[in-house]
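Subject: Structure handover

Hello,

Here is the structure for you to look at. My notes on it follow below.

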Amino acid sequence: MKNRLKIERAILNITQEQLAEKIGVSRQTINSIETNRFVPSTLLALKLSMLFGKAVNEFFELDDDEKQ
């Protein structure tokens, strides 16, 4: 799964640590999402979308092999 979390975080000029504190996870979780090592839960994806004011599908996109 691809994501735009790092880009969106940079637009707001906030660190991984600051973002993690805002949504109640560790900085390592944010890093793992940004580097595609962790797929967030639905709850976490919704928290991110609300924080950034964007739809979940603006952050996360399925890879071609995941769409089938």
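Helices (H or I, at least four residues) and strands (E, at least two) are DSSP runs, numbered from the N terminus. This is a predicted model, in which local features need pLDDT of at least 70, side-chain atom pairs count only at pLDDT 80 or more, and totals for chains, interfaces and linings use all residues. Residues are numbered from 1 along each chain as its sequence is written, and side-chain values use heavy atoms, with hydrogens and water left out.

Helix α1

Ile7 sits in helix α1. Ile7 is partly exposed, because its relative accessible area is 44%. The cut-offs are these: buried is under 20% relative accessible area, exposed is over 50%, and partly exposed is in between (1.4 Å probe, protein chains only). The C-alpha atoms of Ile7 and Ser49 are 13 Å apart. Along the chain, 42 residues separate the two.

Glu8 is also in α1. Its relative accessibility is 5%, so Glu8 counts as buried. Leaving aside residues up to four places away in sequence, Glu8 touches Phe52, Lys54 and Phe59. Contact here means heavy atoms within 4.5 Å.

Helix α2

Which residues of α2 are buried? They are Gln16, Leu19, Ala20 and Ile23. These residues lie on the same side of α2, because they cover an arc of only 100 degrees around the axis. The arc is taken from the directions that run from the helix axis to the C-beta atoms. Glu21 and Lys22, on the other side of α2, are exposed. The cover over the buried residues of α2 includes α1, α3 and α4. After α2 comes Gly24, with a positive phi near 80 degrees.

Gln16 is buried because its relative accessible area is 13%. Its side chain makes a polar contact of 3.1 Å with the side chain of Arg27. A polar contact is a pair of N or O atoms within 3.5 Å; within protein, one must be able to donate a hydrogen and the other to accept it, and residues adjacent in sequence count only if both atoms are side-chain atoms. Not counting residues up to four places away in sequence, Gln16 touches Arg9, Arg27, Ile30, Asn31 and Glu34.

α2 against α4

How do the axes of α2 and α4 cross? They come within 10 Å and cross at roughly 110 degrees. Therefore α2 is roughly perpendicular to α4. On the α2 side, the contact is made by Leu19, Lys22 and Ile23. On the α4 side, it is made by Leu44, Lys47, Leu48, Leu51 and Phe52. Axes are lines fitted to C-alpha atoms, for helices over the stretch in contact, and angles run from 0 to 180 degrees between N-to-C directions. Roughly perpendicular covers 65 to 115 degrees; under 35 is roughly parallel, over 145 roughly antiparallel, and the rest oblique.

Helix α3

α3 spans residues 27–34, and its buried residues are Ile30, Ser32, Ile33 and Glu34. They pack against β1 (2–3), α1 (5–11), α2 (16–23), α4 (42–52) and β2 (60–61).

Positive phi in the loops

Asn13 is in the loop between α1 and α2. Asn13 is not a glycine, yet its phi is positive, about 55 degrees. Asn13 is exposed, because its relative accessible area is 67%. Asn36 is in the loop between α3 and α4. Its phi is also positive, near 60 degrees, and Asn36 is not a glycine either. Asn36 is partly exposed, because its relative accessible area is 48%.

Regards
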